[in-house]
Amino acid sequence: MANISILSLSLSFLLVFHGCLALRPFQQQQQQNQCQIQRINALQPNERVQAEAGWTDFFDSSNQQFLCAGVEVIRHHIQPQGLLLPSYVNTPLMVYILQGRGYQGTMLPGCPETFQSSQQLQEGSGSFQDRHQKIRHFQQGDVVVFPAGAAHWMYNDGQEEVIAVALLDSTNSANQLDQFHRRFFLAGNPQQGGQQQQQQQKKGGKSWGRSQKGQSQEEGSGNIFRGFDLEMLAEVFNVEQETAEKLQSKDDTRGHIVKVERGLQVIRPPMKSEQQEERGRGGAANGFEETICSAKMTHNIDDPSRADFYNPQAGWCNNLNSFKLPILQMLQLSAERGVLRRNAIVSPHWLMNAHSIIYVTKGDMGMQIVNHEGQTVFDDQIQEGQLVVVPQNFAVVQKAGEQGCQWIAFRTNDNAMINTLAGHTSALRAMPVNVIANAYQMTAEQAWSLKFNRKETVMFSPRSRSSGRSIAA
């Protein structure tokens with residue numbers, strides 16, 4: 001009977017997400033007017049919320065680029081032995097691990113406690129047996145996803161700082177609150193950070209709740225247990241009031257990332273490479289081998305041997321979509337990891353069905369973005385740590401700088417598709433020569449060279465410096 005109940009809850013959770021997918025077009029209609037963009041700028045974080053064992057950087061969610069795409073971006077820095085406290089968000093999250101390693105837990109409704117110990121665990125002066133839901137490892141290059149409303153935590157068990165860049169899909173149909181994300185903490189006494197920014201904006205303030213003297217006016221915001229009556233908490237958990245009072249964390253000043261002095265003691269299997277995991281599964285997915293409880297939520301996209309596009313002279317690109325990570329179909333998100341060698345170019349292209357949020361992880365690149373009127377809305381360099389939002393259907397071309405460039409791109413569709421303007425699989429390559437000649441008032445010979453001269457597919461090796469002006473020169 002218990003198993004039936006667990007299965008029922010899991011299926012309900014799954015059906016809620018699939019039922020919401022049909023609402024996404026309506027959500028997109030609500031933000032269409034936000035995409036009348038005349039100028040796009042490279043963005044970097046404009047606020048930081050500090051904690052005991054790290055900090056979180058926030059990009060300005062009121063920027064028109066974010067309002068157009070209906071997303072927000074934050075960046076966590078978690079120090080060794082740092083624990084990002086359990087919380088849940090009203091939007092789906094897609095997190096790219098830029099640096100470091102650790103493990104995380106995602107608490108899903110109705111899922112069994114499959115990790116359990118038959119031995120006594122030592123903690124302080126006492127010992128106990130524990131059991132909990134599945135724990136998943138993460139490492140550099142991983143994309144980790146969290147469904148909207150799913151409580152989760154992250155822990156750094158490595159020797160270097162974990163840097164995690166996170167996209168929050170605020171206009172996803174799973175979010176029915178408002179156009180901004182809200183984080184609900186289950187523990188601690190965190191500062192409001194990004195949420196306070198939104199409140200200030202609604203009141204007409206400049207940003208992030210700062211006074212005219214430059215002093216921060218941020219106040220500690222409690223976790224969700226703080227709003228409940230203490231006697232009620234003691235009753236529902238069947239514990240003493242002293243224990244229930246700990247839930248409210250009223251005197252906790254550590255912030256949202258805390259230091260675990262003796263290291264986190266949890267039940268977890270040894271770390272295993274993703275290749276070993278996939279060999280262990282064997283065979284292709286048939287759609288029935290995963291439930292929400294056992295669904296894979298992590299995928300590494302830093303391996304060039306798995307590249308979808310590869311050019312030894314130009315670079316490589318790896319796409320992550322719902323065919324590779326099925327849970328992305330529920331979240332309606334995907335990602336791209338790109339690496340360009342010195343002065344190499346990504347073919348001019350447009351995304352047919354998604355916005356793209358491009359975050360540079362190393363090096364720099366020149367980028368040009370063109371709107372539907374043929375106007376250049378961006379023509380500049382984008383540096384490491386900066387991001388640019390490329391709206392759906394806007395044409396874009398990218399060229400790496402002298403040191404090359406690496407990036408992660410988040411996309412607002414689980415199977416984002418590009419259409420290139422030049423190269424072997426481009427729109428022009430698909431046209432008859434005579435159509436090109438008449439459309440551009442050129443000779444058939446010129447049309448033929450335009451169509452066939454570039455034989456590469458997506459990533460182009462650089463030509464000589466004398467061949468033309470560089471991007472964002």
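## Two disulfides

C111 is buried, at a relative accessible area of 12%; buried here means under 20% relative accessible area, exposed over 50% and partly exposed in between (1.4 Å probe, protein chains only). A disulfide joins C111 to C293, with 2.1 Å from S to S. The link of C111 and C293 is left-handed, with -90° about the S-S bond. C111 lies in the loop between β6 (101–107) and β7 (115–116) and C293 in the loop between α7 (274–281) and β17, so the pair ties together parts 182 residues apart in sequence. Helices (H or I, at least four residues) and strands (E, at least two) are DSSP runs, numbered from the N terminus.

The count comes to two disulfides, taken as pairs of cysteine sulfur atoms within 2.5 Å. C35 and C68 form a disulfide too, with their sulfur atoms 2.0 Å apart. This link of C35 and C68 is right-handed, with 100° about the S-S bond. Both C35 and C68 are buried.

## About the model

This is a predicted model, where local features need pLDDT of at least 70 and side-chain atom pairs count only at pLDDT 80 or more, while totals for chains, interfaces and linings use all residues. Residues are numbered from 1 along each chain as its sequence is written, and side-chain values use heavy atoms, leaving out hydrogens and water.

## An open sheet

Now to the strands. Seven of them form an open sheet in the order β1-β2-β3-β14-β5-β12-β17, with antiparallel pairing; two strands pair if DSSP finds at least two bridges between them. The edge strands, β1 (47–51) and β17 (298–300), each pair on one side only. Five bridges join β1 to the antiparallel strand β2 (residues 54–58), and G54 in β2 is the bridge partner of A51.
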